[in-house]
Amino acid sequence: MTTMDVLMLLIGFAVVWGLGVALVAAIAPRDANEPATGELAWTVGCGWFVGAFLLTLWMRVLAQIQVPFGIASIGLPLAAATGLLAWRARTLNTFRWNGAFAPLTGRTLAGWQRAIWLIILGWLAVRFALLLTEIVWRPLYAWDSWTQWGTKARVWFELRTMAPFVTASEWLQATGPSVYFDAAPHYPATVPLLQVWSAILLGRWEDTLVNLPWCLTGVTFAFAIYGYLAREGFEPVMALVGTWLVLSLPILEVHIALAGYADLAMSTYLTLAALWSLRSVRTRRWGDAAIAVLLLAACVVIKNPGKVWVAILVPSIVIAMLPRQGIRIATALFIIAICAMLVLARAEPTILGYRLHLDFEMPWRALFEAYFAFGNWNLLWYGVIAVAVLARRHLLSRELAPY
């Protein structure tokens, strides 16, 4: 990797990141009465996810209007949009981040709090540096990233546009060279398009460097989680501890290191969509709702199961938006779930490529091991039990179970 490669990647990713930050600042700014603590980290962290999704949408548009992918055709319009959005945010005086940098640097802390802050921050920095070396030293990893994501990215980079992928039988019947096939031709294009943009910035295909967005996703997710916790009133040290707990989830780090899979994007976008939905419920501002909808839309086109996850999340958002109807909605959904279970017990429908059937033989041991014995969740489910016990008097309170 040459100095020019580094420079091009930095500029290209900065344009995408800046677009997202400018959009968030322009349409979903902090209210003047809200504290600035955490706002900078929240906006900067979420900005990457918003910008990356907008990048893939623009690349889809270019493919539809038959404009070849290139630095100019992709980057210049995004840079222009970033400038307009930043000007809009500036005229609205939404860049009110006075005092917002102090919690990020830890200058306001002293004594043992500053020591813990520096230790955790150093831990996270070293961990991300090690994850980055995993990405840049390992070629495109096998299995899904090798057979159903990277395949699309490589073809689209070479063609400088999006070509359709079909099943093997359809490919054999095709009369021209305009269609391709891989292990999952029906999978969405969002993740491969991020790899295509990386390759375009380099001017060549590199199995390792095209996966740098995975490291950026992990870093910016840390910013977003810290910013959200700080906005919720956590002290800087506790917000950083919470961020460390989230980032130390073993499977999350595995999917950063084994870059090329879509699971990391799926989980982070879904998490931020839920947090933005919660924020929009509280603020009732259209800008917050718009960002939430944008992130929910991204979940749908990252992986096919994203449609199911969004379908699960939407009822909780509806209940939060309509608390007085919460019990009625929950009861209706419970009845629908029972009916669905009865249908799945008698039928085997195939939805989104998955065969669904319920035989009432739950793998209880496997579930217990996955939640409590393996390293998948860290100590999450032990913490859930502890919180439920400690907060048992509030589990059915009006704040948690509105009626």
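**Notes on the model**

1. Leu 313 touches Leu 270, Ala 274 and Leu 296, leaving aside residues up to four places away in sequence; a contact here means heavy atoms within 4.5 Å. Between Leu 313 and Leu 270 there are 43 residues in sequence and 8.8 Å in space, C-alpha to C-alpha.

2. Before going further, a word on the ground rules: this is a predicted model, where local features need pLDDT of at least 70 and side-chain atom pairs count only at pLDDT 80 or more, while totals for chains, interfaces and linings use all residues. Residues are numbered from 1 along each chain as its sequence is written, and side-chain values use heavy atoms, with hydrogens and water left out.

3. Leu 313 sits in helix H14, which spans residues 306–321. Helices are DSSP runs of H or I with at least four residues, strands are E runs of at least two, and both are numbered from the N terminus. The protein has 17 helices and two strands.

4. Is Leu 313 buried or exposed? Leu 313 counts as buried because its relative accessibility is 16%; buried means under 20% relative accessible area, exposed over 50%, and partly exposed in between (1.4 Å probe, protein chains only). Of the 403 residues in the protein, 41% are buried.

5. On the cysteines, Cys 299 is buried at 0% relative accessibility, whereas Cys 339 is partly exposed at 44%. The structure holds zero disulfides, a disulfide being a pair of cysteine sulfur atoms within 2.5 Å.

6. Finally, among contacts in the protein with a separation of 6 or more, 71% are between residues 24 or more positions apart.
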